[in-house]
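Thanks for making time this morning; I would like to walk through one model with you. Please have the sequence and the coordinates open while I talk.

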Amino acid sequence: AIQKNTDLRVRSLPIPIPTPKRKTSFTRSDYGVSDSSFLVVTSFDYFSDKRRKNPEASILAHMQAFDLNHNSTLVIKSINSQHFPEEHQELKKLADGRPDILFMDDYFDSDKNLALLELADVVLSLHRAEGYGINLADAMARSTVVMATGYSGNLEFMNDSNSVLVPYSMTPVKRYANLD
């Protein structure tokens, strides 16, 4: 995007994502999840704008894919919900009646956050826009299947041969970045 607007040379430097040297010592029970459950994880920061990160789509996709008879769990890992209580309650209401959808709104240290990505069967990001997608790259470095919108910064390292890219269509944005 920058190169086409300048005669100067523009360089792109990839973000280094280390490959873990050993498996995590965390277990699913550390997160309140059964070892036998099919675990899907989606994560976002409320300050990154819920409309952009689109956790609602992850909830709806999980509800469509898995009924309550299926042994599955969707973890919605977020931070900063205390600054957006109405939006957080809207998400919880969408998942009402689904004990297989767990909300974890807390800061995890790096090891605990990376372990959650490693322990997941799938990391899901049905975003409308993504920066680089560090959590997605971290999950891939741990050999976790990643399903994400086939659009935005995550395409720097994701493609049809190494991940599941979800088709999308462009739509105009009416409100963005909590600016109403």
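Predicted model: local features only at pLDDT ≥ 70, side-chain atom pairs only at ≥ 80, totals over all residues.

In helix H2, which spans residues 55–65, the buried residues are Pro55, Ser58, Ile59 and His62. Seen down the axis of H2, these buried residues fall within an arc of 100°, so they line one face of the helix. Their packing partners are strands S1, S2, S3 and S4 together with helices H1 and H3.

From strand S3, let me pick out isoleucine 101, which is buried because its relative accessible area is 7%, under the 20% cut-off. Leaving aside residues up to four places away in sequence, isoleucine 101 touches Ile59, His62, Met63, Leu74, Ile76 and Ala95.

Now to the rings, where the structure holds eight aromatic pairs. One of them is the stacked pair of tyrosine 46 and phenylalanine 84, at 6.0 Å centre to centre and with 15° between the planes. Tyrosine 46 lies in the loop between S1 and H1, and phenylalanine 84 in the loop between S2 and H3, so the pair ties together parts that are 38 residues apart in sequence.

Finally, what sits over the ring of phenylalanine 108? The charged end of lysine 77 does, 4.6 Å from the ring centre, and lysine 112 also lies over the face of phenylalanine 108, at 4.4 Å from the ring centre.

Methods:
Residues numbered from 1 in each chain as written. Heavy atoms only, no water. Helix = DSSP H or I, 4+ residues; strand = E, 2+ residues; numbered from the N terminus. Buried < 20%, exposed > 50% of the residue type's maximum accessible area, 1.4 Å probe, protein only. Contact = heavy atoms within 4.5 Å. Arc of directions from axis to C-beta. Phe/Tyr/Trp six-rings, centres within 6.5 Å; stacked < 30°, edge-to-face > 60°. Lys NZ or Arg CZ within 6 Å of the ring centre and 35° of its normal.
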